Amino acid sequence: HRPSEARALAGLAYCDWLASRFRRAHATSQRAAHLFQMLGDAVGESDALATLASAASCLGRNEEAVEAA
């Protein structure tokens, strides 16, 4: 079930970000954002992209962080 998968990935990404596992948060939030985009869920996509932007920033990937934000 894709919507549940997207929500679970977004939640995992946020938890990884809170635990300072930025590489995992980056990869997982990227997958979540892609799924939300495929589903047409703009709210979910924006939440996943916010986590992606934060993780990218912590990893020093500033251009990617700005693009995701």
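I first looked up the secondary structure and found 4 helices and 0 strands in the chain, taking helices (H or I, at least four residues) and strands (E, at least two) as DSSP runs numbered from the N terminus. The elements run α-α-α-α from the N terminus on. The radius of gyration is 11 Å, close to the 11 Å of the globule rule for 69 residues, so the chain is as compact as a globular protein of that length; I took the radius over C-alpha atoms, and the rule as 2.2 Å times the number of residues to the power 0.38.

I noted that the model is predicted, with local features needing pLDDT of at least 70 and side-chain atom pairs pLDDT 80 or more, while totals for chains, interfaces and linings use all residues. Residues are numbered from 1 along each chain as its sequence is written, and side-chain values use heavy atoms, without hydrogens and water.

I then turned to burial. Buried residues (under 20% relative accessible area, 1.4 Å probe, protein chains only) make up 33% of the 69 residues.

I checked Ala-48 for contacts (heavy atoms within 4.5 Å). Leaving aside neighbours within four places in sequence, Ala-48 touches Ser-29, Ala-32, Ala-33 and Phe-36.

How values were computed
Buried means under 20% relative accessible area, exposed over 50%, partly exposed in between (1.4 Å probe, protein chains only).
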